[in-house]
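Hi everyone, thanks for coming. Let me put today's complex on the screen, and then we'll walk through it together.

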Amino acid sequence: MTNTERPHPNYVAVWIWLMLLLAVSLVAVYLPFSQGLTVFLILVIALVKSVLVATYFMHLRFERRLILAIAIIPVILFIGMLLTLLPDIVYNPVVSVFYSADTH
Amino acid sequence: MTDHNVSEDEFQEELKLSFWYRYIFSVDHKTIAKQYLFLGLTMAVVGGFLAYLMRSQLAWPGKPVFGWPVNEGYIDSPHYNALVTMHGTIMVFFVAMPILIGAFGNFLIPLMIGAPDMAFPRLNMMSFWTMFLATLVMIASFFVPGGAASAGWTGYVPLSADPIYTGVNWGLNFWILGLALEFVSVLMGGVNFLTTAITMRAPGMTLFRLPLMIWMQLSAAILFMLSVGPTIAAAVLLLLDRIVGTGFYDPGQGGDPLLWQHLFWFFGHPEVYVILLPAFGILLEILPVFSRKPIFAYHIIIYSTIIAGFLSFFVWAHHMFVSGMDPRLSLPFSITTILISVPFAIIIFAMIITLWRGSLHFSTAMLFTLGTLTTFILGGVTGIFNGSPAVDIYIHDTYFVVAHFHYTLFPSSIFATFAGIYFWFPKMFGRMMDETLGKIHFWMSFIFFNLTFLPMFALGMGGHMRRIADLSRYDFLKPLQPTHQFITVAAIVMGIGQIPFIVNFFRSLFAGELAEYNPWRANTLEWVTISPPPHGNFETIPTVYHGPYDYSLPEIEEDWLPQNQPIEESLLSTLKGKV
Amino acid sequence: MNRTSITMENHEILQGRTDIGKIGMWWFLASEVMTFGGFLAVYILYRLASRGAWAETASHVSVLIGSINTVVLLTSSLTMIKSAEAVDNENRNSVRNWLGLTVLLGILFLLIKATEYFIEINHGFTPLTNPFWSFYFALTGLHGLHVLVGIIVNLILFVMACRGTLWPNIQQRVEFAGLYWHFVDIVWIFLFPLLYFQY
Amino acid sequence: MLFDKWFPDNISTFGGEIDSTFYLIFYIVGFWFLLTEGAIIYFAFRYRRRKGYQASHLRGETLKQTAWILIPGLIVFLLDLGIDFAGGHAYNKVKFDKPPSDTKVQVMAKQFDWIYTYPGPDKEFGTEDDMKLEPGDKNHGLHVPINRVVTVILQSEDVIHSFFVPVLRLKQDIIPGREIPVWFEATKEGNYEIACAELCGFSHHTMRSILFVHSEDGYTKWEEKQRLADEAF
């Protein structure tokens, strides 16, 4: 059993950043933005938070590039998929007006 | 070459394990590969039988079908739909996947990279038994009240979302469950494959000394792992719709049926390459051995595969040109679709040029390889018709599509499988297969495969819809009835043509001629150990000195050079840049 | 040469490749990203397509409880990585304590979540109420299952730490459990704003 | 042309373009098909194993050698692009450039039949004078006048169906929850078959209907007769 030296940054600082971002996102949602912009904003904040968790808590910053690639490729694919589906599911002119929440 | 005498002790050691641990709950990747192989071949018989039932109904609608157990042999439309669905599901997920990924991947990855076993042997065993369980669930779905799933292998919602539409309740739930288990199994396998190939390569086995089969298996595993997620999500939502009664796909409640198609095909198209790439891998291994030539443009084949793999995530909507999705999506997706044909065209050209100025030996494995190549080309070029949105308007959901994907999937999952079995059988079981029976098997399969599926292009041009249980309702289809009968007869003969294989397989298993280490004089590492390799594979882990395809080097006497054989110092300068 | 010696020798060759498990773990997480990505994609697309029609019914979730739960889960991530740090400092008691704290925070998360479910169902919001609540229960339920699995893994490590049997391979074990736990945390980081916020 | 025996007649204004795209692709890929298969068969005979002949060690790693596969690959790519743009015109015609039309029909698909709603004299749906043709009605089917642009609005009551008229070269899936308009212009009188081309359940294969293409006069006559029958009812 070899104990290879692993760097340990100040995790508590990361945690404080996470808490701050949480507070920011709690405020951001009450700002008068359009729905699309709000979703975009909270997704960006969530992305920053998850990047923090991944880089420090999951040690991505200290891993070899292969592992970084394994972590990033699915994220790219997910974003690609989401963007590709937007025109069809959300902004499709032929989608009719069935969308409403309370049908029951 | 060093002589690999593995002493008696080793076999004694093997024999000490009880039957259960040796053959059933083995953690040896080779045993697991054989388990996958037998599972896949058994399911191929099941899937083939379903095809026979379907074909008989199509050729002689309204006549009882020999072998159909219920309703005095009459196949009614709901049952026909179930046959179609289960044939597709079984052939793709329970024949092609277990054999090409499970059997060949498991068997070859550790052997070809020079590793003693998989990175996670127990995970490997679990992967097989999950697959086995999935198979049982799938088989069981035939026998639950209401019968098996009948919403097509694509399970389009809302048809599959509510039992009132198909009358199938538990059959479809089992279908989803079986698929989910199968996905979990292949995911476990994929983790294992990737980790093994990344971390356990023998000394000297750099990435660009890997045999192409490994590259193909890895690409397939990556494609599968990254594409299957959304479909698992979609399937869970579907299951909740069916069991809990939520409305994720119910348009009345704000659901969108097209979303299922998007998420399904996001996986569904890469899945095609998950099957195709390992099949290409088999061809790319066999071609150089029987041409005694290096594979042409090894690096370009690898780059093409990577490009095609990446593109395959962004072609899915070409299955949906007429589905009612936003037509603005059609142009980008038709462009990516034609783009993806280029890397595959390049791989095919490379395979063809590999034959040029070779010294071709037509063993059964080579015949099946060439058979795959010739038929796959037809499947590939007919894909251009489907990829053109305009033509697709007419031929979508017709027999043209059926013919097209059988011309791609049948060669890649059946012919290439046979090629692989004939080629690696000596290594798997330590005995040679019979060449005469093999050649009979090849010509029966090849000729009658073409006679079965070539006429289907004509059916499709005639506007014949897929998944129609009885064409006699339509006047414009009635003249096509004799074609259907011709196809059915050809298909049955093709089925009979598999008997030589079954005979050959089992006879060789027990009474075939004993195989040497390297009966084909091939270069890759699996041939440097004894046949069949013992648990642990290699006496000593071989060291790799050069690439896998150094055949017919003009500077040396032999026309082959195993990967673990060092090159003499004197040759190094002349071979610089070559090996 | 018998089989055991073959295996021994082969293992020697594999020495120094301690990242086998880590790479496997990351591949597993990559496929998990795509699976949760699928769920999130469906939800985001439907919610956008609803053009704000879900906002009213979505306002009945409690942002307060959700925020508390977010704090709990983020903190448990911190305690998890702290235990990994303690492993490297070879401080056995500290490893045990941090692990125990992580397990407790995980259980706290589930308890709060269960209370939240209870309140919501009492107010008449069940998975069948409307699409928003279907998504809410499906997504949080699946996430809850992942949390449960994480708790079980951590609990096993904690028990082993108490018994002192954790020590061979401890670095890898704590690291892999941690990777999974942080991943579950990341999923929640996305779920929380998407499900709880008004937009 | 080559496959005229197999293709059904074409009676729509855009069907010809679809067919010619098909033939264009057919000749291009047919050429490549023959070339590659020919090469395989020729190589198989020419380079079969013979005594004393050693295969040449050809790795295909230099640029000069790889040109043998890269240049054909490039040609394939260019031809593919050509095919896509050639077919793009036909696709645009079907999907985007919808000509204005005053003949509209609503088609409601359900398991396993079709309901056709004609707007009646006021040319608007949802009014009193709508005419509905339910399954079992006399002359149940899609009645359209010849040489006139017809817009068909496709809807589904339950599952996904597909509106397929082989002679028009027209196919469109019908998604519940979406209203999908398609158009066509029939150029030949007669009765043709409409099929459902998407697996839709138990009796998918019985979901057949008829497209009646009337002459200009015949259509007015049919409309009038239908209206009287409706009023009498």
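Before going on, a word on the ground rules. This is a predicted model, where local features need pLDDT of at least 70 and side-chain atom pairs count only at pLDDT 80 or more, while totals for chains, interfaces and linings use all residues. Residues are numbered from 1 along each chain as its sequence is written, and chains are lettered from A and ligands numbered from 1 in the order in which they are written.

Back to chain C, then. There are 7 helices and 0 strands in it, where helices (H or I, at least four residues) and strands (E, at least two) are DSSP runs numbered from the N terminus. Along the principal axes, the C-alpha atoms of chain C fill a box of roughly 70 × 35 × 25 Å. Of its 199 residues, 51% count as buried. Buried here is defined by 20 or more other C-beta atoms within 10 Å of the residue's own, exposed by 12 or fewer, and partly exposed lies in between, with C-beta atoms placed from the backbone. Looking at contacts in chain C between residues at least 6 apart in sequence, 81% join residues at least 24 apart; a contact needs C-beta atoms, placed from the backbone, within 7 Å.

On to chain B. This chain has 18 helices and 0 strands, and buried residues make up 66% of its 579 residues. Its C-alpha trace spans about 75 × 50 × 45 Å along the principal axes. Among contacts in chain B with a separation of 6 or more, 82% are accounted for by residues 24 or more positions apart.

Now zoom in on one helix pair in chain B. How do helix H4 (residues 77–113) and helix H5 (residues 121–140) of chain B pack? Their angle is about 165°, and their axes are 12 Å apart. Axes are lines fitted to C-alpha atoms, for helices over the stretch in contact, and angles run from 0 to 180 degrees between N-to-C directions. H4(B) and H5(B) are therefore roughly antiparallel to each other; the cut-offs are under 35 degrees for roughly parallel, over 145 for roughly antiparallel, 65 to 115 for roughly perpendicular, and oblique for the rest. On the H4(B) side, the contact is made by B:Ile90, B:Phe94, B:Pro98, B:Gly102 and B:Asn106, and on the H5(B) side by B:Asn124, B:Met131, B:Thr135 and B:Met138. By class, these residues divide into 5 nonpolar, 4 polar and no charged. For the classes, Ala, Val, Leu, Ile, Met, Phe, Trp, Tyr, Cys and Pro count as nonpolar, Asp, Glu, Lys and Arg as charged, and the others, Gly among them, as polar.

Which chains share the most contacts? Of the 5 pairs of chains in contact, the answer is chains B and D. Here 78 residues of chain D are in contact with 82 residues of chain B. On the chain D side, the largest share, 18 residues, comes from H2(D). That side of chain D has 43 nonpolar, 19 polar and 16 charged residues. Chains C and D, by contrast, are joined by no contact, and their closest C-alpha atoms lie 13 Å apart.

Let me finish with some backbone details. Most residues other than glycine have a negative phi, and most peptide bonds are trans. A cis peptide bond joins B:Ser531 and B:Pro532, with omega about -15°, and B:Pro532 is found in the loop between helix H17 (499–511) and helix H18 (569–574) of chain B. That loop also holds B:Arg521, which has a positive phi of about 55° although it is not a glycine. In chain D, D:Arg169 has a positive phi of about 55° too, and lies in the loop between E6 and E7.

Are these two arginines buried or partly exposed? B:Arg521 is partly exposed, with 15 other C-beta atoms within 10 Å, whereas D:Arg169 is buried, with 28.

Conventions. Two residues are in contact if their C-beta atoms, placed from the backbone, lie within 7 Å.
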